[in-house]
Amino acid sequence: MIAFVHGPDALLVREAVRALLTELDPTGANTTRVDGRTTAPNQIATMVGTPAFLGMGRVVVVDDLFAGKRGAKEADGDAEGAAPPSPETLAVLGRVADGNSLILSEPGLKSVPAAVKKAAPGIEVRAGIPPRGRDLVRWVTAEAEQTGSSIEDAAVPVLLNLLYPGSWQQAPSNPRYDVPPDLDRIQQEVRKLDAFAYPNPISRSDIQAMVATTSQ
């Protein structure tokens, strides 16, 4: 089994990888995690091609195997004009032993490279695409509740307009100018506001006092 978890949102990628690990190896006893930017492809191929102890499925998580070995342009999710993945890197996909699982964590990529799709047509893809509009408002509200606090309904758009003016409601028609919401950043702001407003709900005045605008 090969799973490809891509961005652009790092928090959603981490959550998706955790969900896969809970499903495949709940105890973590047969899971290995490596940095794809510094680990040689042949080493990774050996890991995924070696059966686990006592025949139990081995799970190998590789961070940034493809984004880490390509040009910066493609690492940002735009494959046009960028060098394709090397044959050695692609060969890893064909070395996964029966019963083993390979999870590719690629928060820096917005899509699956065409060469990866061709090399592993049965790959399972999970996308970390952040919500926008009403879905993002609900996410922020739920995030505040998870901290044990709450946020006023009218305060949520104020927060999002400060952080991502013009892009939190919907993506622009030209993806080159898109600045998608970063859930890690929003989460940090909500937690900061929760500490500032405690024991009261987060209000508009709290946000205006504590959150800097994107331009600043």
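Phe 66 has 0% relative accessibility, so Phe 66 counts as buried; buried means under 20% relative accessible area, with a 1.4 Å probe and protein chains only. Phe 4 is also at 0%, so Phe 4 counts as buried.

A word on the source. This is a predicted model, where local features need pLDDT of at least 70, side-chain atom pairs count only at pLDDT 80 or more, and totals for chains, interfaces and linings use all residues. Residues are numbered from 1 along each chain as its sequence is written, and side-chain values use heavy atoms, without hydrogens or water.

Back to the rings. Rings pair if their centres lie within 6.5 Å. The count is one aromatic pair. The centres of Phe 4 and Phe 66 are 6.2 Å apart and their planes meet at 35°, so the pair is tilted; planes under 30 degrees apart are stacked, over 60 edge-to-face, the rest tilted. Phe 4 sits in strand β1 (residues 2–6), and Phe 66 in the loop between β3 (59–63) and α3 (72–75), 62 residues apart. Strands here are DSSP runs of E, at least two residues, and helices are H or I, at least four.

Next, two helices. At what angle do α1 and α8 pack? About 100°, with axes 6 Å apart. They are therefore roughly perpendicular, a label for 65 to 115 degrees. Contact (heavy atoms within 4.5 Å) involves residues including Leu 11 and Arg 14 of α1 and Gln 187 of α8.

Last, α6. Its buried residues include Leu 136, Trp 139 and Val 140. Their cover includes α7 (155–163) and α8 (183–197). Gly 148 follows α6, with a positive phi near 90°.

Terms used. Buried < 20%, exposed > 50% of the residue type's maximum accessible area, 1.4 Å probe, protein only. Axes fitted to C-alpha atoms, helices over the stretch in contact; angles between N-to-C directions. Parallel < 35°, antiparallel > 145°, perpendicular 65-115°, else oblique. Phe/Tyr/Trp six-rings, centres within 6.5 Å; stacked < 30°, edge-to-face > 60°.
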